[in-house]
Amino acid sequence: MRRSMKLAAVVLSGSLGMASLAACGAKSTDSNTSSGSGDGSIKVGMAYDIGGRGDQSFNDSAARGLDKAKAELGVAVTEADAKTGEAEADKETRLKNLIDGGYKTIIAVGFVYQQAVDKVAKDNPNVKFAIIDSNDKDQPSNVTSLVFAEQEGSYLAGVAAANKSKSKHVGFIGGVQTELIKKFEAGYKAGVKSVDANIQVETTYLTTPPDFTGFNSPDKGKEAAQGQLDKGADVIYAAAGSSGNGAIEAVANKPGALAIGVDSDQAAQPALAKYKSSILTSMVKNVDHAVFSYIESVKKGQPFTGVKLFDLKAEGVSLATTGGKLDDIQDKLKAATTAITSGATTIPTTPAP
C-alpha cells in the first residue's frame, strides 16, 4: 500500500529532491526496520509503466517485489507513475527526479523506458539502473536488464488452452504489437499447435507503436475479446496489461468460455474476483522475484550486471493454479515443462505465419 513519506525521509532526501519527486507523481516511504533486517542505507526508486500500481497485472507484480524488499531488506523506497501519452522527456525527468531525491538504485518497469534509461544512466554513472523487459546491447555499464522467457510460459498457456477448448478455436490478444508481445504470441501458438495442429488461433493486437495505449485500455480489450468470441473462440489469452481486464470481463459474460490472464495470478486479484470462475489460469511472469533479487544483489554489494534472464528453469515464468482448473491436465503440463527445461523443446520467439 502506498503511504506518505515520514519526516525523517524528507530530511534525508532534502526539500529540493522531494519537491521534484512530488512533481513527477512519486510517493515515498521510509525503510521499515521493524519488519526488515536492513538499515535503510539503500534507497530504491521505481518508475512504473502506464497503469502503475493497481493494474492487477505487470506493474503490480513489480510492486510486490518492491514491497518485499522494503519489508525484508529494510530499504527505503519511492514510486513514480507514468502518464498515458507522455513524451520521452517526461520519462527522463521522472528518472532524474528520483536521482535528485537521493535514490541511487532505480528500477524502470517496462521496455518503454529504454531510451530514457540509457540517456540518464550515461549522465549518472554512479547510479545503478535496472530495466525490466528490455535489453539494449549499447546500454551503459551501470544498467542491468531483467528479462524473461515469456515464450516458455506462454507455450504452457497454449498447451492448457488447447486441452480445454471445446470448439477447437482459441484466441490471443496482444496489447501493443511489439517484439516483446510477439514472444507471448509465438509461445502460445506453438503450445496450442503442439497439442492439436488443427486448432484455429485468432490473433488481435490493440495498438501499434508509437501508440502504447493498448496496455491501458480495458474497453479495447473487451471489444477485441468479444470479436474473437463471436468468431467461435472459447479460450482467450490476453497479454495486454490492464487492457486484459476488459478481455476477462468479456469472456466471463460468455457461458463456457475461459480466459487466460497474464503477469500476475489474475484469478487471485481482488479487483477481478467476480470473474474468477472464468479464469482458466494466468501466465505468471515473476517480475516480483526479479525486482527483489536485483535489490538484494545491490544490498549485498554484488549487483547484477548485463542481462539477467529469468526463464522457466529459473522460475521466472509459470502457470497459476488458482481455482484448480488445471488439475486434470497437470501430467501434460509437467511433461511440457520438462521438455522445455531439459532443452528437448525449444520455443520460438517469433510467431508462426
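## Elements around the largest cavity

At least two lining residues of the largest cavity come from each of α3 (58-73), α7 (179-195) and β10 (258-263). Helices (H or I, at least four residues) and strands (E, at least two) are DSSP runs, numbered from the N terminus. The largest share of this lining, 3 residues, belongs to α7.

The model is predicted: local features need pLDDT of at least 70 and side-chain atom pairs count only at pLDDT 80 or more, while totals for chains, interfaces and linings use all residues. Residues are numbered from 1 along each chain as its sequence is written, and side-chain values use heavy atoms, without hydrogens and water.

## Volume and lining

The structure contains 2 cavities of 30 Å³ or more. A cavity is a set of points on a 1 Å grid over the protein atoms alone where a 1.4 Å probe fits but cannot get out, and its lining residues have an atom within 4 Å of a point. The largest has a volume of about 190 Å³, a volume being the space filled by probe spheres set on the points, which are joined across faces, edges and corners.

Of its 19 lining residues, Asp 49, Phe 58, Phe 215, Gly 241 and Asp 263 are the closest to the centre. The lining comprises 10 nonpolar, 4 polar and 5 charged residues.

## The second largest cavity

The second largest cavity holds about 40 Å³ of space. Its lining includes Ile 236, Ala 238, Gly 244 and Gln 266. Two or more lining residues come from each of β9 (235-239), α9 (243-252) and β10, with the largest share, 4 residues, from α9.

Terms used:
1 Å grid on protein atoms, 1.4 Å probe; cavity = no way out; pocket = protein on both sides within 12 Å on 5 of 7 lines; lining within 4 Å. Nonpolar A, V, L, I, M, F, W, Y, C, P; charged D, E, K, R; others polar.
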